[in-house]
Amino acid sequence: MRRTSIGTRYAAYVAALALALVAVALLAAGAIALSQMRVVQAELRDAVAGARAADDERALDGAARYLGLHLFNPLYQLDVERLNETIQQTRSWLPVVSFVVVDRDGRVLTDGTLANSRYGEDVPGALPHDEDGGVTIARRSSETELRFRVAAGGMTAGWAIVTLAEPPWQASLRTLEEKRTAELWSGHRTSLISLGGLVLVATLGLALLTSLLISRTLARPLTEMSRAAEQIAAGNLDHPLTLDSPDELGDLARSLNRMACDLRAHEEALRAERGDLARKNAELERFNYTVSHDLKSPLVTIRGFAGLAGTDLAAGRHDAVRKDLGRIVAAADKMHRLLDDLLELSRIGRVVHPPEDVSLADLVKDAIELLKGSFEPKGVAVHVAADLPMVHADRRRLLEVLQNLLENAAKFMGAQAQPKVEVGWRQDGTERVFYVRDNGRGIEPRFLERVFGLFEKLDPACDGTGVGLALVRRIIEAHGGRAWAESEGPGRGATFCFTLPSASLAEAVPAAAAS
Amino acid sequence: MTTRAARVVALLGLLATAVTGWTAGAAAPAETSVTARFGVIAEEPNEPDRMFTAYSPLLAELRQRLAPAGIAVSDLVIARDLDDLSQRIARKQVDFVLESVFPMLALRERSRSLEPALLVVRRGRREYRSVFFTRQESPIRKLADLRGRTLVLQAIRSTSAFALPRAELRRAGLSLVAADDAAADPKAVRYVLALAEVNQAVWVLHQKGDAGAFNEGDWQALPEKIRARLRIFERSRPIQRGLIAFRGDLAPATRRAVEAAMLALHQDGAGLAALTHASGITRFERLTPAARDAVLDWAPVLLPKHPR
């Protein structure tokens, strides 16, 4: 099927409809005008004809009597030549169509012409006699037949039958009527044609305007939406429709935009979930590796020392056996702690306390209080920003985060003479970044991500299982935020940052700085 | 002014015209000193207008053509009848006439000075005949059958519709008398005058007469429906169509100038149109002596009282 735009089609409909309406209107107007004109003409003609009829009757009767007298002598004497002369003379003052002189036998004697082609014909119809007054007048359409007796002194020589054309005034009136009718109709037709031309131009203009309007209001939006749908189908969701009309098309465009937004959100969520899943997979792999490696280590120790204890027991080296068993117990304890940490880590993903509005400053204060034993021996100064905001979060988990980050800062202060820890926040674009900054040993940039690994310890001699930062990241991510580390390198201190989604943030409230 | 004096004056006029033409140039019209007068008889005595209408173009042409010769042409002289015209000729009020043979011979007999000079060729014919006709159903088959019957003729002065039929009847041993002549021989052929050829035919058809006679041209001109009801039963001898005759005492120069002008009329469009307008004349031809004698030979035949 040939493709035609909606604008063109509807413009054609409008043009055809307008043309048809105007044509009907013009024809109706023309018919009415012509009809009225004919009525007026007919009334005028009838009025004039009525007024003239009586005069005509008298004039025709007088003409008949005059001719009857003048025709008598030549007719009585059968002087055809003089009859012809009289007929010819009569033609000069009467509108004679035909003129025949009839003899007493009722046959044509002469028709006034040289050929006299009607000579001898029997005259149809009755001829007037005395009782008729000698004259009869008969009107037939545009002609009048005058029959009169040619007589003198009671002697009838014959008759004359004169057919007269319509009188000049009547012919003039008819000509005027026909001419005026033709002129009026011609004028009317010219007007109709002119008007039709104007209407055609106007209709074409209207059609063009309609086409433009429809194109603007319907076709173009539909085209845009069609393209947008194609873009959406192709996966390109970053070109929202700019159409903003207060109608169904606007609704459709807004629905398309919403659909695109939803798709984009879903796609982003999917992408995030996919990334999260990938991270979790990687984490799981690391976890497997770590678990298998780190749990294997105490087992190897236990097995080795168990074998050694057996050897020592067989050799009767009881002190050695005691030491071996102590090492076995220590390895078992380590394994126990590792398993506890694993359990805690896994619980973070499963056990979620209801969120609540929490003053971050209070949490920091509680964490510092809990870690007082770690800070005071080392003389660590803790600075807490006064404007830490309220947050909406799992209070206990967020306390664990702060506790781990502060403990971590105190733990890796190194040989810093003036150890210092700072808790605060900054605005990075649209998000608030909370941080715990220290001036301790710092971290090589290549290890900034690694420190968040499970059981990962950059310093093997350091206490702990290496679960703390993994736990921090896990808790923050469980809240929908991010956690990362920043450091300019060893000896330059380190900053551990985390964010919380905006929904988790409440209005910032001033809090007293703690140190 | 006597005739001699008039001639002298005319000659002097012509001489003066020649001299003036020699000195002033041929194109300049000569001073008018001679007048030629053209006379005819009215077909209807009380209707001279027909003749004026018919002959005015011819007269205008003659005036135009004779003016350079110093000859003026007067208004047409229309006589009521033969007597009137012969008297006007006698009084020198008419210098030349146009008539058919019978009136021309009658005028010549009366005036004693009329000389036929030109032959009138009418509708292409120099001669014509009279035809005798009657109704189709009539028992008349020959002239002798007209004995005691009524013949419808046109007018007394007509050659073809009176004089020639009368001559033919006389030649057949029949006399022609007026229908209202109570004392006439009952075996004579009676005549009535219908004044027009078509009337003659209608009268015969309406039995106002038993037969009619006119020239064969008029027969052809009859309406078809009328002619179809009639039949010709006799034809006359041929006779000249018409003549131009000059008064015998007219100045020869004037006569020659008029003759020359009339003979040349048919040679150009205007002259031919004027001739045609004058009762269908085709041209004028000079009458040869033999033809003149032939014309004069008709006198004893056509003129009833003419010595034979």
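Which helix of chain A holds both Arg271(A) and Glu267(A), and how many residues apart are they? Both lie in helix α4 (residues 248-315), 4 residues apart, or about one turn of the helix. Helices here are DSSP runs (H or I, at least four residues), as are strands (E, at least two), and both are numbered from the N terminus.

## What you're looking at

This is a predicted model, where local features need pLDDT of at least 70 and side-chain atom pairs count only at pLDDT 80 or more, while totals for chains, interfaces and linings use all residues. Residues are numbered from 1 along each chain as its sequence is written, chains are lettered from A and ligands numbered from 1 in the order in which they are written, and side-chain values use heavy atoms, with hydrogens and water left out.

## Salt bridges in chain A

Let's go back to that helix pair. The side chains of Arg271(A) and Glu267(A) form a salt bridge, at 3.8 Å from N to O. A salt bridge here is a side-chain nitrogen of Lys or Arg within 4 Å of a carboxyl oxygen of Asp or Glu. Arg271(A) is partly exposed, at 46% relative accessibility, and Glu267(A) is partly exposed too, at 36%. For these labels, buried means under 20% relative accessible area, exposed means over 50%, and partly exposed is in between (1.4 Å probe, protein chains only).

Another pair in this chain is Glu145(A) and Arg140(A), whose side chains meet in a salt bridge at 3.5 Å, N to O. Glu145(A) is buried, with 12% relative accessibility, whereas Arg140(A) is partly exposed at 39%. Over all chains, the count of salt bridges comes to 45.

## Salt bridges in chain B

Over in chain B, Arg171(B) and Glu168(B) join up through a salt bridge of 3.5 Å, N to O. They sit 3 residues apart in helix α5 (residues 159-171), so about one helical turn separates them. Arg171(B) is exposed, at 57% relative accessible area, but Glu168(B) is buried, at 6%. There's also a network: salt bridges with shared partners link Arg37(B), Lys92(B), Asp95(B), Arg247(B) and Asp249(B).

## Two loop residues with positive phi

Leu195(B) isn't a glycine, yet its phi is positive, at about 70°. You'll find Leu195(B) in the loop between β11 (189-193) and α6 (197-205) of chain B, where it is partly exposed with a relative accessible area of 41%.

Gln207(B) is not a glycine either, and has a positive phi of about 65°. Its place is the loop between α6 and β12 (211-215) of chain B. Gln207(B) counts as exposed, at 58% relative accessibility.
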